Amino acid sequence: MSAPHATTAPDAPGPADAQRGQGGVELTAVTKRFGETTAVDSLTLSVESGEFFSMLGPSGSGKTTVLRLIAGFEEVTSGSIAIAGTDVTSAAPFDRTVNTVFQDYALFPHMTIAENVAYGLRVRKVAKAEQRERVATALEQVRLTHVADRLPHQLSGGQRQRIALARALILQPRVLLLDEPLGALDKQLREQMQIELKQIQREVGITFIFVTHDQEEALTLSDRIAVFNNGRVEQVGTPREVYEYPQTAFVAGFLGISNLIDAEHAKRLTGVATPISVRPERVRLVDARTKPAANETSVDGTIVETVYTGPTTRYIVDTADGLRVVAERHNDHAPSDTAPYHRGDAVRAVWVTEHAAIVP
Amino acid sequence: MTITTTPARTSKPLSTLLYRHRWMRLVGLLSLPLTWLIGLYIVSLALLLVTAFWYIDSFTSKVIPGFTLENFVLIFSEPAYIATSLRTLGIALAVTVLSAIFAVPLGIFMAKLASPWMRAVLAVAITLPLWAGYLVKILAMRITFTEEGFFNSVMAPFGITGPGFSVLTVVLTLTYLWFPYMALPVYTAIRQIPVNLFDASSDLGAHGFTTIRTVVLPLLWPALIAGSVFTFSLSLGDYIVARFVGGANAQMIGSIIASNINLNPPVAAAFSVIPIAFVVFYLLATRRTGALERM
């Protein structure tokens, strides 16, 4: 059946200890072309063992293709891929020590939940008794023991998602690949599953490579994030690094809201002709006559729109010289009060100069 | 600002009546097809079955209405008849299995691997024979497999002699005739299997053949059974193929029915019960596998 190295010995020490430090993924100059289009363009990326690594980007940015290249569903056009130190560039999916949780779960519709979870063990010809035992443990891990005999279509989206996770984890892979696994769930369930995913990852201690287009999800879950755009990685870093210090205009714009100030306006404001980015929550609105402090930058303008989001209110301010600045303010006033500023008010937007990130 | 509304349309009394009374709509929908089904189809079949219990006056050769089981006794006691029934069953099963063996890999290729252009070409190639006449196709096979025919003349340099007119040629010809009825449902079913089930299977460690055995085939059961109902029952009822490419030893149930239809209608009628029984057993057997219940 499968090569011996693909099977984890059942009596091996717990995955958390045994596999820590051997689940790194290295992509070197990986390029993938589909006909004329280049989906992934000379990508070099290093995922460390045991980390929760997110690949974030808009649809068509190449992040899912990279995941499929790591899983082995697609072949690279050029470049090489190594998993846990072993080159797998031309290995078949069934010879790679990775498993995948698919976007729409890809559960086998004709098999019961228990049969689905056992599938990987079954094709490896693991003894029936051991299969039963490990399936029971896996179902317990995702707290779904009671659905073992049902068929996939009888489960809710969240349950199916957890079964897909159990089916992949039962094989104790070194790397788990997750292709937008929470995309089909509603917001509340998604947030609950995010916490669960994080907990499971900490428990099993293996590398998670997580594809998402949801920047909030990436920020919440990840140890590190790679931001994809047009088949290239724009920036790799911790959530804090990519949010606070975006290195490109794309990253600044894709993660949260950003006030991108072009070189020309920046020169007028700060004297230096480099584009800068400042987050709305770092912009303060004050009365037009208030003098800014020495370490602050300010622009004058008129509020053209206010957006109430619940915890915050966003003010969109246009200046006379064509700059638009968004300021976000916590609604920390008494609930019965209306916001202190209104559409049409002349205001001054102020931020601490060094809070703005330079976007080269 | 003025608001214009769409004027109500003039009322149609018949539509209103039908809308109010559900039974009237049902009558409207079903009266024509039910007349056809019951009046012509069921009644004629029932008459045929009744005839199986009648007998022939040995002097006048006239059919006498009555009740006798002799016709059935004859079928089950005459060794040649039993052999013919079993041969027919074997041929029908062989045609079904052969069609399925061809249809599954072809369907996988068409649905998952072929380019759209290639897929269209193959779809036409499969369905095109349906446009040709039934007899035309049988005669084509006859020309191919006859003594000094195409097959023998091409294969002669290799020292291979064709099957000639035999049971094997009957099986090949029937497969040729009924293959589209298996290939189309199988292809459609494979197209409906999400691609990521193939990915998931290989991701979990299954090689290609394991995936076909554990994922593709179980999902194809309904299509294979639907297709096999055609290939099986159409083969059971055929006798023209046996007559033109079967030679002397490939008589089928249909051949016997055809030769008795004027001489001894009650025996022909009794014999036509056999393929019906085979089909009923076949359907019960497929039901027993439980393959259909999980769909």
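Two strands are said to pair if DSSP finds at least two bridges between them, and the strands themselves (E, at least two residues), like the helices (H or I, at least four), are DSSP runs numbered from the N terminus. This is a predicted model, in which local features need pLDDT of at least 70 and side-chain atom pairs count only at pLDDT 80 or more, while totals for chains, interfaces and linings use all residues. Residues are numbered from 1 along each chain as its sequence is written, chains are lettered from A and ligands numbered from 1 in the order in which they are written, and side-chain values use heavy atoms, with hydrogens and water left out.

**Exercise 1. Find the partner of Ala226(A) in E10(A), and describe the hairpin to which the two strands belong.**

Step 1: Begin with strand E9 (residues 224-229) and strand E10 (residues 232-237) of chain A, which pair in the antiparallel sense over 5 bridges.
Step 2: Within this pairing, the bridge partner of Ala226(A) is Val236(A) in E10(A).
Step 3: E9(A) and E10(A) form a hairpin with 2 residues between them, and in the turn Asn230(A) has a positive phi of about 50°.

**Exercise 2. Work out the strand order of the sheet that contains E1 of chain A, and say which helix packs on this sheet.**

Step 1: The sheet is open and has 4 strands in the order E2-E1-E4-E5 (chain A), with antiparallel pairing.
Step 2: At its edges lie strand E2 (37-47) and strand E5 (86-87) of chain A, each of which pairs on one side only.
Step 3: Helix H2 (residues 63-71) of chain A packs on the sheet and touches E1, E2 and strand E4 (78-83) of chain A, where touching, or contact, means heavy atoms within 4.5 Å. The direction of H2(A) makes about 115° with that of E1(A), the axes being lines fitted to C-alpha atoms (for helices over the stretch in contact) and the angles running from 0 to 180 degrees between N-to-C directions.
Step 4: Looking at one pairing in detail, 7 bridges join strand E1 (residues 25-34) of chain A to E2(A), and Val25(A) has Val47(A) as its bridge partner in E2(A).

**Exercise 3. Explain why the salt bridge of Glu217(A) and Arg190(A) ties together parts that are apart in sequence.**

Step 1: In this salt bridge the closest N and O atoms of Glu217(A) and Arg190(A) are 3.8 Å apart.
Step 2: Because Glu217(A) lies in helix H7 (residues 215-221) of chain A and Arg190(A) in helix H6 (residues 187-204) of chain A, the pair ties together parts that are 27 residues apart in sequence.

Definitions and conventions. Salt bridge = Lys/Arg side-chain N within 4 Å of Asp/Glu carboxyl O.
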